[in-house]
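Biologist: I've got this one open on my screen. Can you walk me through it, a piece at a time?

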Amino acid sequence: MVNGRTYAAQAEPRMILADFLRDELGLTGTHLGCEHGVCGACTVLMDGRTVRSCLLFAVQAEGHELTTVEGLAASDGALHPIQQAFHDAHALQCGFCTPGFLLSVHELLESNPDPTELEVRTWLSGNLCRCTGYQNIVEAVLAAAERMRAGSTT
Ligand code: FES
Ligand code: FES
């Protein structure tokens with residue numbers, strides 16, 4: 001299941017999950033940067049936990065619930081509070097790293113709704129961004145946390 005939708009598809013045993021999501025399901029929001037587990041651009045959620053989709057085979061995801069960046073916004077198109085906070089805080093430039101950051105932040109705020117700045121920086125140390133210098137990303141995460149604690153859905 002991906003973003004709440006059940007797919008029945010076949011994958012060669014050697015196909016990595018990122019390629020499957022992008023090429024077979026058309027979910028091109030998952031990006032490939034380093035392709036060896038370092039940059040975090042390919043991060044998706046599997047059963048609510050972040051995984052590097054460049055390091056998993058597609059067949060390993062069978063029977064699990066996946067969330068990609070396409071699954072964050074509401075069905076009416078309203079941005080998820082984390083997406084909205086990134087937009088508001090100018091936390092992206094080229095945006096290549098952003099899907100991975102959003103999903104990493106999603107896992108963080110599920111487990112720790114009120115993180116400190118240091119906790120945010122430590123958590124996001126596995127996601128690399130070549131554009132922003134990280135400051136606005138950290139500010140966006142803290143803003144998203146505050147909005148989500150207040151019950152905002154956007
Ligand atoms: S592409 Fe997967 S961690 Fe960089
Ligand atoms: S916004 Fe360009 S790599 Fe992060």
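Biologist: Which residue takes a positive phi just after α1?
Modeller: Gly-26, with a phi of about 75°. Helices here are DSSP runs of H or I with at least four residues, strands are runs of E with at least two, and both are numbered from the N terminus.

Biologist: Before we go on, what are we looking at?
Modeller: This is a predicted model: local features need pLDDT of at least 70, side-chain atom pairs count only at pLDDT 80 or more, and totals for chains, interfaces and linings use all residues. Residues are numbered from 1 along each chain as its sequence is written, chains are lettered from A and ligands numbered from 1 in the order in which they are written, and side-chain values use heavy atoms, with hydrogens and water left out.

Biologist: Back to α1. Which of its residues are buried?
Modeller: Leu-17, Ala-18, Phe-20 and Leu-21. They cover an arc of only 170° around the axis, which puts them on the same side of α1. Buried means under 20% relative accessible area, exposed means over 50%, and partly exposed is in between, with a 1.4 Å probe and protein chains only. The arc is that of the directions from the helix axis to the C-beta atoms.

Biologist: What do the buried residues of α1 pack against?
Modeller: β1 (43–46) and β3 (66–67). Contact means heavy atoms within 4.5 Å.

Biologist: Val-44 next. Where does it sit?
Modeller: In strand β1. Val-44 counts as buried, at 0% relative accessibility.

Biologist: What is Val-44 in contact with, leaving aside neighbours within four places in sequence?
Modeller: Leu-17 and Leu-21 are among them, and both are buried residues of α1. Others include Thr-30, Arg-49, Val-51, Thr-67 and Leu-103.

Biologist: Switching to α5. What span should its 15 residues have?
Modeller: Helix α5 covers residues 135–149 and should span 21 Å, at 1.5 Å a residue. The expected span is 1.5 Å times one less than the number of residues. The end C-alpha atoms of α5 are 21 Å apart, which agrees.

Biologist: Which residues of α5 are buried?
Modeller: Ile-137, Val-138, Ala-140, Val-141, Ala-144 and Ala-145. Seen down the axis of α5, they fall within an arc of 160°, so they line one face of the helix.

Biologist: Why does that spacing give a face?
Modeller: An α-helix has 3.6 residues a turn, so residues three or four places apart point the same way.

Biologist: What covers the buried residues of α5?
Modeller: The cover includes α2 (81–88), α3 (98–111) and α4 (117–123). From the other direction, the buried residues of α2 pack against α3 and α5. Those α2 residues are Pro-81, Ile-82, Gln-83, Ala-85 and Phe-86.

Biologist: What about the two ends of α5?
Modeller: Tyr-134 lies in the loop between α4 and α5. Its phi is positive, near 75°, and it is not a glycine. Tyr-134 counts as partly exposed, at 29% relative accessibility. After α5 comes Gly-151, with a positive phi near 90°.

Biologist: And Ser-152, what does it touch beyond four places in sequence?
Modeller: Pro-81 and Arg-147. Ser-152 lies in the segment after α5 and is partly exposed, at 28% relative accessibility.

Biologist: Pockets, then. How much space lies in the largest one?
Modeller: About 300 Å³. On a 1 Å grid over the protein atoms alone, a pocket is an open set of points where a 1.4 Å probe fits, with protein on both sides within 12 Å along at least five of seven lines; lining residues have an atom within 4 Å of a point. Its volume is the space filled by probe spheres set on the points, which are joined across faces, edges and corners.

Biologist: Which residues lie nearest the centre of the largest pocket?
Modeller: Tyr-7, Ala-9, Phe-20, Ala-61 and Glu-62, out of 17 lining residues. The lining has 12 nonpolar, 4 polar and 1 charged. Nonpolar here means Ala, Val, Leu, Ile, Met, Phe, Trp, Tyr, Cys and Pro; charged means Asp, Glu, Lys and Arg; the others, Gly among them, are polar.

Biologist: And the second largest pocket?
Modeller: About 180 Å³ of space lies there. Of its 14 lining residues, Phe-96, Cys-97, Leu-128, Cys-129 and Arg-130 lie nearest the centre.
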